[in-house]
Amino acid sequence: MISLNFELISISLKVVNERSISHSNKITQPSDRHDLTARVFKLKLRKLIDLITKCKIFGNVTSWVYSIEWQKRGLQHAHISIWLENKVHPDRIDNIISAEFPDPEKDPHLFDILKKNMIHGPCGKLNPFSVCIKDGQCKCNYPRKLLDVTRSDKNGYPLYRRRSTTNGGFQTAINVKWIVPYCPLISKIMNAHINVELCSSVVAVKYILKYIHKGSDQAMFSIENKNNNEIEEYQSGRYINSNEAIWRIFGFKIHDRYPNVQHLHVHLENGQRVYFSNDNVSKKVEKPPETTLTAFFNRLFRENVIILRYPKIFYMKQFAKKFNLRKQGIRYSHEIFQSDTLGRMYTIHPSNSECFFFLRILLHNVIGPMSFGYLKTVNGITYKSYREACQQLGLLKDDKHWGDALAEANETKKSSSIRSLFSIIFTSCNPSDPKSLWEKYKKTMNYTDEIFNETLIIIEDMCLIISGKNLNQWNNSFFSNRKYIKRFRNHS
């Protein structure tokens, strides 16, 4: 989630080392020693993360995530997204990110680094067969336009300042239109291709996070055989080059993030997922495996906290499936340390209402639950369903706006249209008390008391068309009697 007070910076890191390597009295190229290039890239990546998070060159960092990918020719690169605590104001952008050459006389070192690493192309008319050309245009929109000041673009990225020589730019052999945006301080320290972009739009943020987690490139290939087996004929494969192979052999991280996130399970009582074989099926039935939810219920330390806050103070031992006190972090009390780990539950769609949705709401709000029955108990009364417990705790919104919609439809619409509206509200809008809505507006859906059951059947048919579920599956207080119904003409 992106807050208005947060700002996101996207960084792409590529390391291209052209130095020769002396080994066993032989001069080799970096491409011949993938083990060394992998280690150099890892060191530079770790140094870059430390510069941003510990040295705070952009300001206080609240969270970050990176993912490493490999091009088909073997060069590794990292995509890094960083969330800052304070918003970057427009007058500070030029101090952080630049798309211009420095003065070659005052800073020749940075000028040489940019000339070597941060020039796009050439493409377009200079090189129409470049890999970035699509439909005759550069996919990266190079060459860029000259601008006297930095401006905001509609896609969420700033249009960085690129001044001509008449407006304060420096005269160089390379046109400033081809420079990739960079951070001068990082480029001087790392001496690598590091593209830095500021993102302030939700559209850009969604694209960046999707791009980071898109995974490795995949290729579709066919296998010809005489059997004409369609399943074996097309297979989806992943291309792994030697550079990626050595990275995986070393066990280096391909993805990392801060803060850490502890996934918390949501399931009904005795409803956890069980993996078994013919040899251990009886053992699994007698003693189902522990999950983070059951481990939370069986915890030794009975702190009055919700389950989402528990991973901050406790960590889960994967094999023992038990929560244990953290031994390092920020001191919370005399014996308790607190970390920045976040607890997050899997998202549940409202259509899984009674099974998971209302259980998840209770787990987010009930402090210190000790069992599934504890979650259903409110003021000493144990209710039959999690929905009823949510209603008693006031965790569900009232249905006044849905009632107003049905009342307004009653003034101008036929009963058939009101039934359709009720079916949509029932299946798609997750009303907190659909039974009360039905009792209040059922007379608007047909004529007499004798045909209410027929009305329920018509509504149930609509619910089956919309969601594939009957009334009882959506809410156990609703059911229609199809066995003894007598068909009659449509009164509506």
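Analyst: Helices here are DSSP runs of H or I with at least four residues, numbered from the N terminus. In this predicted model, Val285 belongs to helix 8, which spans residues 281-286. Val285 counts as exposed because its relative accessibility is 63%. Together with Phe276 and Val281, Val285 makes a nonpolar surface patch of about 300 Å².

The aromatic contacts come next. A pair of aromatic rings is described by the distance of the centres and the angle of the planes. The count of such pairs comes to eleven. One of them joins Phe41 and Trp247 edge-to-face, with 5.8 Å centre to centre and 70° between the planes. Since Phe41 lies in helix 1 (residues 34-53) and Trp247 in helix 7 (residues 242-250), this pair ties together parts that are 206 residues apart in sequence. Both Phe41 and Trp247 are buried. Phe250 and Phe252 form a tilted pair, at 5.3 Å centre to centre and 45° between the planes. Phe250 is partly exposed, at 27% relative accessibility, whereas Phe252, at 18%, counts as buried. The ring of Phe252 also has the charged end of Lys42 sitting over it, 5.1 Å from the ring centre. Elsewhere, ring pairs link Phe296, Phe297, Tyr310, Phe314, Phe323 and Phe372 into a cluster.

Arg248 forms a salt bridge with Glu244, the closest N and O atoms being 3.0 Å apart. About one helical turn separates the two, because Arg248 and Glu244 are four residues apart in helix 7. Arg248 is partly exposed, with a relative accessible area of 36%, while Glu244 counts as buried at 2% relative accessibility.

This contact is one of eight salt bridges. Another joins the side chains of Asp94 and Arg161 at 3.9 Å, N to O. That pair links distant parts of the chain, 67 residues apart: Asp94 is in helix 2 (residues 90-96), and Arg161 is in the loop between strand 9 (158-159) and helix 4 (184-190). Asp94 is partly exposed at 28% relative accessibility, and Arg161 is partly exposed with a relative accessible area of 23%.

Note on methods. Residues are numbered from 1 along each chain as its sequence is written. This is a predicted model: local features need pLDDT of at least 70, side-chain atom pairs count only at pLDDT 80 or more; totals for chains, interfaces and linings use all residues. Side-chain values use heavy atoms; hydrogens and water are left out. Patches are made of residues with over 30% relative accessible area and no salt bridge: like charges are joined within 9 Å, nonpolar side chains (Val, Leu, Ile, Met, Phe, Trp, Tyr) within 5 Å. Accessible areas come from the Shrake-Rupley method with a 1.4 Å probe; for residues, only the protein chains shown count as cover. A salt bridge is a side-chain nitrogen of Lys or Arg within 4 Å of a carboxyl oxygen of Asp or Glu. Buried means under 20% relative accessible area, exposed over 50%, partly exposed in between (1.4 Å probe, protein chains only). Rings of Phe, Tyr and Trp (its six-membered ring) pair if their centres lie within 6.5 Å; planes under 30 degrees apart count as stacked, over 60 as edge-to-face and the rest as tilted. A charge sits over a ring if NZ of Lys or CZ of Arg is within 6 Å of the ring centre and within 35 degrees of the ring normal.
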